[in-house]
Structure formats: structure tokens, C-alpha cells
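Work through the exercises below with the sequence and the model open. Try each task before reading its solution.

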Amino acid sequence: MSRLKIHPAASRGKIAEVTPATAGWTYVGFDLWKLAKGDVAEGGETSRETCIVFISGKGHVTAGSNDLGLLGERNSPFEGKPWSVYVPAGQRWQVAAANDCVLAICTSPGEGKLEARVIGPDALHQETRGKGSNVRHVTNIIPEWEPAESLLVVEVITPGGNTSSYPPHKHDQDNLPHESLLEETYYHRLNPPQGFAFQRVYTDDRSLDETLAARDGDVVLVPRGYHPVGAPHGYELYYLNVMAGPKRIWRFHNDPDHEWLMKK
């Protein structure tokens with residue numbers, strides 16, 4: 001298996017884990033928890049902020065001394081907007097599952113400058129990008145205009161037969177205002193779940209050039225390079241992106257070979 005693709009190693013508890021050390025990078029961390037009713041997920045680090053995204057199910061959440069109550073609503077990532085929680089660096093958090101529950105734990109460097117907060121579905125900004133077979137639907141959970149120290153979190157639904165993160169773009173150079181350096185993870189889900197998606201990760205010099213078949217539940221690492229995604233006909237694709245870098249801003253560079261598509 002490609003070193004860029006992680007398939008869940010268990011069926012319950014913390015089923016996938018990405019740390020800067022295991023990924024070979026500096027900023028982004030990503031854990032995936034699958035809980036049954038009564039199970040508990042917990043975490044929190046001194047120097048890392050956290051966004052907890054309820055992929056599906058419900059749970060009772062605490063962050064530090066804050067009881068944030070019972071959160072979560074949808075039964076699948078294809079059913080509307082998520083509930084999420086921002087937890088500042090230095091605070092412990094806990095989620096006690098009220099039913100079968102899948103949690104995405106997104107982390108990046110922080111100093112604990114902000115307060116814990118619930119990010120409800122009604123507060124989320126949505127947009128549709130692209131046209132024709134390049135249409136995808138974006139839900140901004142923690143975009144750059146909302147408070148965080150380094151995290152950027154977004155989820156996207158791509159209809160079957162469509163492309164996403166396309167034309168191919170990259171953000172691996174600290175060269176603002178033209179491009180920002182952001183590491184990124186993709187957490188993929190398929191509807192129906194027996195499907196797959198294609199993702200390519202490649203650089204201009206092709207020192208990195210991999211094409212992956214992502215199954216339901218796979219995590220793909222994008223340390224650098226362009227990273228387009230395709231959803232085959234008949235299978236709706238969801239993915240959750242986590243990004244972080246030295247500056248909290250998303251500025252990308254299109255592959256020059258394919259930028260003509262922007263003018264169609």
C-alpha cells in the first residue's frame with residue numbers, strides 16, 4: 001500500500017491516526033474514532049489545538065471544565081451539515097458516545113489563545129464550486145475567516161461522475177500572496193460504501209507521482225504537490241480536509257498544464 005494512504009486498522013476505538021511524526025511533516029494531525037454507545041474518546045495536547053467533527057452519531061462533549069452538552073445530528077456524512085467543536089491547545093476533551101458515532105479529530109499547532117466553542121450546523125458557510133462535471137459542494141467548518149490559530153477544516157461532497165480539487169492545484173510553497181504552504185489530509189467516504197474514488201498526488205518534477213484508489217474510510221496524505229480527486233459514476237464522494245502550515249491562509253497554485261480549464 002502507498003505510504004500516502006491509511007486504511008483504518010481497527011473497527012472500534014481509535015481506528016486511524018496521523019501525527020506529524022508518522023506523516024513526516026510538521027503541522028497536521030488527524031485521528032479517526034469509531035465508537036459504540038457508551039464508548040469514550042478523549043485527547044488534548046499542550047501545544048496543539050483541536051477541531052472535533054461529528055462525522056455521524058451523537059455524543060456528550062466536555063472541553064476543559066466546559067460541559068458542551070449532547071452534540072451531533074446526522075447519521076451519515078451525506079446527510080446535511082456537521083456539528084463540530086473547537087478545543088484550544090492545552091485543554092483536554094472528551095466525547096461519550098450516545099449511539100454509534102464516528103469522530104474526526106483534527107489538530108495543528110496552537111498556544112491556547114482562544115476559547116472552546118461549539119460550531120453548530122446553522123453557523124456553517126456553504127458554497128458550490130465548479131461547473132458541469134466539476135461541480136462539488138463545500139461546507140466550511142473552520143475557514144480562514146473564523147477563529148483558530150493554525151487549523152483549516154472543510155468538508156466537500158462530490159457527485160458521482162464529477163471531479164474535485166480540480167483543475168489540479170497545490171499549496172506547498174511559502175510564497176504569499178501567490179501560494180501558501182499547507183499540509184493536508186483527505187478523509188474519504190463513499191455512498192454507497194462499496195465504492196472507491198481516485199486521487200492523484202504529484203509534483204511538477206514527478207519526484208512524487210502516485211495515483212490511489214481510496215476506499216470508504218481511507219485517509220490520504222498530501223505532503224506536497226497537486227492532488228485532484230475523481231468520483232466514479234454511481235458513487236457520491238465525501239471528504240474532510242484538514243490543512244495547516246506556517247501561515248493560516250489558503251492560497252493555491254494551479255497546474256499550468258490544466259489551468260486552461262478555468263477559462264472554459
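Contact here means heavy atoms within 4.5 Å. The model is predicted, so local features need pLDDT of at least 70 and side-chain atom pairs pLDDT 80 or more, while totals for chains, interfaces and linings use all residues. Residues are numbered from 1 along each chain as its sequence is written, and side-chain values use heavy atoms, with hydrogens and water left out.

**Exercise 1. Describe the surroundings of Arg136.**

Step 1. Find the contacts. Leaving out residues up to four places away in sequence, Arg136 touches Glu127, Thr128, Arg129, Gly130, Val156, Ile157, Thr158, Pro159, Thr163, Ser164, Ser165 and Tyr166.

Step 2. Arg136 belongs to strand 13, residues 136-142. Strands (E, at least two residues) are DSSP runs, numbered from the N terminus.

Step 3. Check the charge. Arg136 is buried but has no salt bridge. Buried means under 20% relative accessible area, exposed over 50%, and partly exposed in between (1.4 Å probe, protein chains only). A salt bridge needs a side-chain nitrogen of Lys or Arg within 4 Å of a carboxyl oxygen of Asp or Glu. The nearest side chain of opposite charge is Glu127, 8.9 Å away. For charge, Lys and Arg count as positive and Asp and Glu as negative; His and the chain ends are not counted.

Step 4. Look for a polar partner. A polar atom of the Arg136 side chain lies 3.0 Å from the backbone oxygen of Asn134.

**Exercise 2. Which residue that Arg136 touches has a positive phi of about 50°?**

Step 1. Pick out Ser165. Its phi is positive, about 50°, although Ser165 is not a glycine.

Step 2. Most residues other than glycine have a negative phi, and most peptide bonds are trans.

Step 3. Locate Ser165. It sits in the loop between strand 15 (163-164) and strand 16 (169-170). Its relative accessible area is 5%, so Ser165 is buried.

Step 4. Turn to Arg206. Its phi is also positive, near 65°. Arg206 lies in the loop between strand 20 and strand 21. It counts as partly exposed because its relative accessibility is 38%.

**Exercise 3. Is Asp218 buried or exposed, and what does its side chain reach?**

Step 1. Read the accessibility. Asp218 counts as buried because its relative accessibility is 0%.

Step 2. Asp218 is in the loop between strand 21 (209-215) and strand 22 (219-222).

Step 3. Find the polar partner. The backbone nitrogen of Arg215 is 2.8 Å from a polar atom of the Asp218 side chain.

Step 4. List contacts beyond four places in sequence. Among them are Lys5, Ile6, His7, Tyr187 and His188.

Step 5. Follow Tyr187. It is found in strand 19. At 2% relative accessibility, Tyr187 counts as buried. Its contacts beyond four places include Phe30, Val102, Asp218 and Tyr238. The side chains of Tyr187 and Arg189 form a polar contact of 3.1 Å. A polar contact is a pair of N or O atoms within 3.5 Å; within protein, one must be able to donate a hydrogen and the other to accept it, and residues adjacent in sequence count only if both atoms are side-chain atoms.

**Exercise 4. What is the strand order of the open sheet of six strands?**

Step 1. Write the order. It is 2-3-10-5-8-11, with antiparallel pairing. Two strands pair if DSSP finds at least two bridges between them.

Step 2. Find the edges. Strand 2 (13-18) and strand 11 (117-119) each have a single partner strand, so one side of each is left without a neighbour in the sheet.

Step 3. Inspect one pair. Three bridges join strand 8 (residues 84-87) to strand 11, and the two run antiparallel. Ser84 stands opposite Ile119 in strand 11.

Conventions: Helices (H or I, at least four residues) and strands (E, at least two) are DSSP runs, numbered from the N terminus.
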